[in-house]
Amino acid sequence: MQSTAIASMGAIRANSFIALAFTFGILFGSGAEALTPTPIDVSADLLPPLSDQETNVNPYRGNPDVLETGRLAYAQACAKCHGEDAIRPGPAADLKLVGRYCGRVEAPDLKARCIEDADYYYLKTLREGKVRLGVRHMPAWGDSMDKRLAWAIQAFIESARSAPRPIPQLSPR
């Protein structure tokens, strides 16, 4: 009898979760209309050209000449949700975590594969956006963002990993 009651409670929780997700979707819609990319006013013309051979590895990684362009593009396209200057966390995911653990991989071939996978994930997410439970949490930039700007943004984000974190200001009691 007790196991039946436990099974019933599990079903009730699952049904409650489904009802909540459904209600959330109805009340707030898919969010797709509200999360459309805003055009950014940053030119990719000063960035080095990409090679004709398409690659999923960021060619600007470690290039200090692209960081300012990446910072400006990040400020316009990403900071609202992902945090100011990629240092302070925002309401969305901390982008500094993408590929962070690749630095711990010692075998060169595995490290290169880890970086390639992280770069692919970053670019795919930027192009397709993020949808969870039918709710759009990140706009799909598609081809509306120049790939050079996308790579410059990622190079900027990676450079912010080593930036000193701001000390939170505590209010006096």
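A search of the whole structure finds 1 disulfide, the term being used for a pair of cysteine sulfur atoms within 2.5 Å. The structure is a predicted model, in which local features need pLDDT of at least 70 and side-chain atom pairs count only at pLDDT 80 or more, while totals for chains, interfaces and linings use all residues. Residues are numbered from 1 along each chain as its sequence is written, and side-chain values use heavy atoms, with hydrogens and water left out.

The disulfide links Cys 102 with Cys 114, at an S to S distance of 2.0 Å. Cys 102 sits in the loop between α3 and α4 (108-128), whereas Cys 114 belongs to helix α4, so the pair ties together parts that are 12 residues apart in sequence. Helices here are DSSP runs of H or I with at least four residues, numbered from the N terminus. The torsion about the S-S bond of Cys 102 and Cys 114 is about -80°, so this disulfide is left-handed. As a reminder, a disulfide is a covalent bond between the sulfur atoms of two cysteines.

The two partners can also be described by their accessibility, with buried meaning under 20% relative accessible area, exposed over 50%, and partly exposed in between (1.4 Å probe, protein chains only). Cys 102 is buried, at 4% relative accessibility. Cys 114, with a relative accessible area of 23%, is partly exposed. Cys 78, by contrast, is in no disulfide, and the nearest cysteine sulfur, that of Cys 81, is 8.8 Å away. Seen from Cys 81, the closest cysteine sulfur is that of Cys 78, and the 8.8 Å between them is too far for a bond. Cys 78 is buried at 9% relative accessibility, and Cys 81 is partly exposed at 30%.

Attention now turns to helix α2. This helix spans residues 67-77, and Thr 69, Gly 70, Ala 73 and Tyr 74 are buried in it. These four cover an arc of only 135° around the axis, which puts them on the same side of α2; the arc is that of the directions from the helix axis to the C-beta atoms. The buried residues of α2 pack against α3 (79-82) and α5 (147-160), where contact means heavy atoms within 4.5 Å.

Leaving aside residues up to four places away in sequence, Thr 69 touches Val 42, Ser 43, Leu 47 and Leu 149.

How values were computed
Helix = DSSP H or I, 4+ residues; strand = E, 2+ residues; numbered from the N terminus.
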